[in-house]
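Please keep the sequence and the model in view while reading.

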Amino acid sequence: MLDQVFVLLKHWLLGYSPVVLQPAVSILLTILPILLVFPVLFALTTVLERKGLGRIQNRYGPNRVGFFGILQPMADAVKSLTKEDIVPASADHTVHFLAPLILLAVAFLPYAVLPIGRNMIAADLDAGVLFFFAIGAISELSVFMAGWSSRNKYSLLGAMRAVAQMISYEVPLLLSSVAVIMAAGSLSTVVIVEKQSGFSGIFPHWYVLTPWGFAGFILFMIAATAETNRSPFDLPEGESEIIAGYYIEYSGFKFALFFLGEYLGMFAISGLGITLFLGGWTAPLPFLTWVPSWIWFFAKLLGLIIGFIWVRGTLPRLRMDQLMNFAWKFMLPMALVVVVSAGAWRFLGQGVTRWLVSLVFIAVAYVLLARGVETRNRIAKRTYRFAE
Amino acid sequence: MSLMSATFFILAAITLVGACAAMMLRGLVHCALAVAIAFAGLGTLYLNLGAQFLGLAQLLVYVGAIAVLIVFVILLTRGGDSDSPPLSRAALPITGLLVAACIFAVLAWAVFHSFAVHSAVPLAAPATVRELGTVLMADYVLPLEVIGLMLTAALIGAAIIAMREKQATQ
Amino acid sequence: MTPLAGCLLVSSMLFAVGLAGALTRRNTILVLVGIELMLNAANLNFVAFWRFGPHNGASTGMIFGIFSIGVAAAEAAVGLALILAVYRHTKTTDLSQLTGRPQ
């Protein structure tokens with residue numbers, strides 16, 4: 001009953017609207033929670049991140065505004081709304097104005113295919129996962145628009161690096177999802193979650209608890225960190241590297257829109273990772289199924305967000321060539337091996353054989369690739385080249 | 001039915017405006033962004049016609065990859081720096097536009113004199129991804145393998161053609 | 001005008017615009033953009049006939065469209081690589097300078 005409270009609420013409210021307007025009201029009632037919940041989550045995440053990073057770095061985070069700094073987003077909102085909106089004189093005004101708008105529109109769209117709870121999905125598309133990736137690919141163009149329209153060398157450089165990074169890491173992201181799609185047999189997110197909803201003894205049927213699923217989940221999360229330009233892959237937007245990358249020339253509200261877009265992208269891709277690997281809205285243990293499904297989804301989302309913040313506070317930033325090498329020379333072959341391993345899992349029968357086979361595939365590939373990546377960059381004796 | 005036509009007109013208008021802008025604007029990056037709009041409009045047209053997989057594949061490949069590739073190459077070849085007029089001089093632009101207009105006239109005549117204007121109510125055409133996958137693996141497996149080979153060849157070929165030659169000065 | 005005729009007209013217009021651009025623009029990259037627009041117009045034709053044509057339901061139209069998108073991607077990649085190589089050699093992407101015709 002508590003599980004379906006939002007669905008029942010929507011049907012009850014729908015009963016109060018005139019019959020002619022019912023399709024439009026239904027769509028509105030489906031979209032409105034998404035538009036309200038995720039920006040509020042964004043506000044909470046900014047506080048969580050700053051306090052979390054502060055604690056990792058042995059300092060307090062913001063603690064002036066409100067009880068333990070919880071009202072900090074309000075202060076940030078007031079600041080960003082009242083700051084002067086400076087646009088450089090030589091900037092391309094149309095493209096400069098459109099870039100944050102397109103980024104925001106494209107950041108909200110993927111939430112339509114994430115199943116937040118049982119029967120709680122905005123659009124049950126037949127090709128849901130493909131929709132998610134298509135929309136994610138469009139956001140690269142808006143990043144480029146932002147960087148190019150500012151007519152600033154650093155901005156353009158940051159934008160090109162960001163786009164190159166996003167394109168490079170899209171391939172392992174897609175390949176690790178292909179492994180899940182192959183195991184589930186469908187591109188629809190609802191079907192993928194339903195395939196993970198059984199229990200064998202005490203263990204759920206989540207894909208992360210299989211050898212290929214575990215490796216695929218790790219690859220997916222690394223690629224997701226790179227796709228959303230989060231540290232340690234935030235070279236295009238690091239403050240100490242390139243000032244602020246492709247949003248240098250944005251101030252005030254447009255900068256806040258970029259920030260919002262980036263965090264929304266982070267939540268969306270975490271949501272997809274949860275749907276594909278962590279079982280979506282299903283409970284982890286059989287005796288916990290009385291907890292509502294949407295609480296499980298948000299709990300897993302919170303766990304992944306904390307993981308992102310933790311990684312940001314711990315690992316140093318990757319250099320551009322290290323980043324590209326990692327994507328093309330390690331993650332892409334590893335993702336291909338995960339696909340093969342998932343295929344072996346799917347087509348061998350139940351039993352110990354398929355565990356062993358898929359584990360052997362992944363372990364051997366990992367050792368070989370890690371060895372290969374390591375030996376190339378051996379530190380050599382310094383040589384000097386003089387001008388002749 | 002009328003709602004479908006309204007969305008179809010809007011999407012078709014966006015696509016055509018994007019395509020015309022791509023062929024007429026001065027700045028190269030503006031042209032590239034306009035053609036990205038045209039591709040996106042086409043992708044949504046496919047979605048409107050019920051081809052889910054094809055529409056999303058169009059958005060993913062054309063807007064997400066080909067448009068970005070075009071933009072990269074424009075920036076790598078210092079596009080937009082030259083201040084020469086966008087169209088060639090002398091008689092060439094008129095000839096080109098005339099040829100295009102003639103071809104459009106012929107195609108429009110062919111459309112209006114074909115069965116297309118007399119066909120009845122369109123039937124629903126379901127195409128789940130599962131059916132598509134079955135057909136691809138059963139009937140069209142040879143083209144599938146050939147296109148895999150071709151894409152590999154294109155990848156290697158493009159990388160080799162665009163590779164900077166190694167400087168032999170030490 | 002039936003939906004099929006509407007789709008076909010749109011694709012014809014798109015084809016004509018792409019052809020006009022490919023014939024008149026001076027920059028090689030924009031010629032390639034025109035070619036891509038023509039390919040897309042043909043794709044739209046395929047999807048329109050798949051949806052509204054007499055043999056609707058058969059997936060041939062969609063399969064052809066998928067393969068066409070794949071081939072167009074490969075062709076765009078190789079074409080743009082060629083443009084890059086030519087630019088490195090001649091430092092220009094202007095067609096009138098590349099063909100050597102005095103204009």
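**A helix crossing and the chain contacts**

In chain A, the axes of helix 2 (residues 22–56) and helix 11 (residues 293–314) come within 9 Å and cross at roughly 40°. Helix 2 of chain A is therefore oblique to helix 11 of chain A, as angles under 35 degrees count as roughly parallel, over 145 as roughly antiparallel, 65 to 115 as roughly perpendicular and the rest as oblique. This is a predicted model, in which local features need pLDDT of at least 70 and side-chain atom pairs count only at pLDDT 80 or more, while totals for chains, interfaces and linings use all residues. Residues are numbered from 1 along each chain as its sequence is written, and chains are lettered from A in the order in which they are written.

**Helix 2 and helix 11 of chain A**

- Residues making this contact (C-beta atoms, placed from the backbone, within 7 Å) include Leu48(A) and Leu53(A) of helix 2 of chain A, and Ile305(A) and Ile309(A) of helix 11 of chain A.
- By class, the contact of these two helices has 5 nonpolar, 4 polar and 2 charged residues (Ala, Val, Leu, Ile, Met, Phe, Trp, Tyr, Cys and Pro count as nonpolar, Asp, Glu, Lys and Arg as charged, and the others, Gly among them, as polar).

**Contacts between chains**

- Of the 2 pairs of chains that touch, chains B and C have the most contacts.
- Chain A and chain C share no contact, and their closest C-alpha atoms lie 14 Å apart.
- In contact with 19 residues of chain A are 17 residues of chain B.
- Helix 3 of chain B gives the largest share of the side that touches chain A, 11 residues (helices are DSSP runs of H or I, at least four residues, numbered from the N terminus).
- That side of chain B divides into 13 nonpolar, 4 polar and no charged residues.

Definitions and conventions
Helix = DSSP H or I, 4+ residues; strand = E, 2+ residues; numbered from the N terminus. Axes fitted to C-alpha atoms, helices over the stretch in contact; angles between N-to-C directions.
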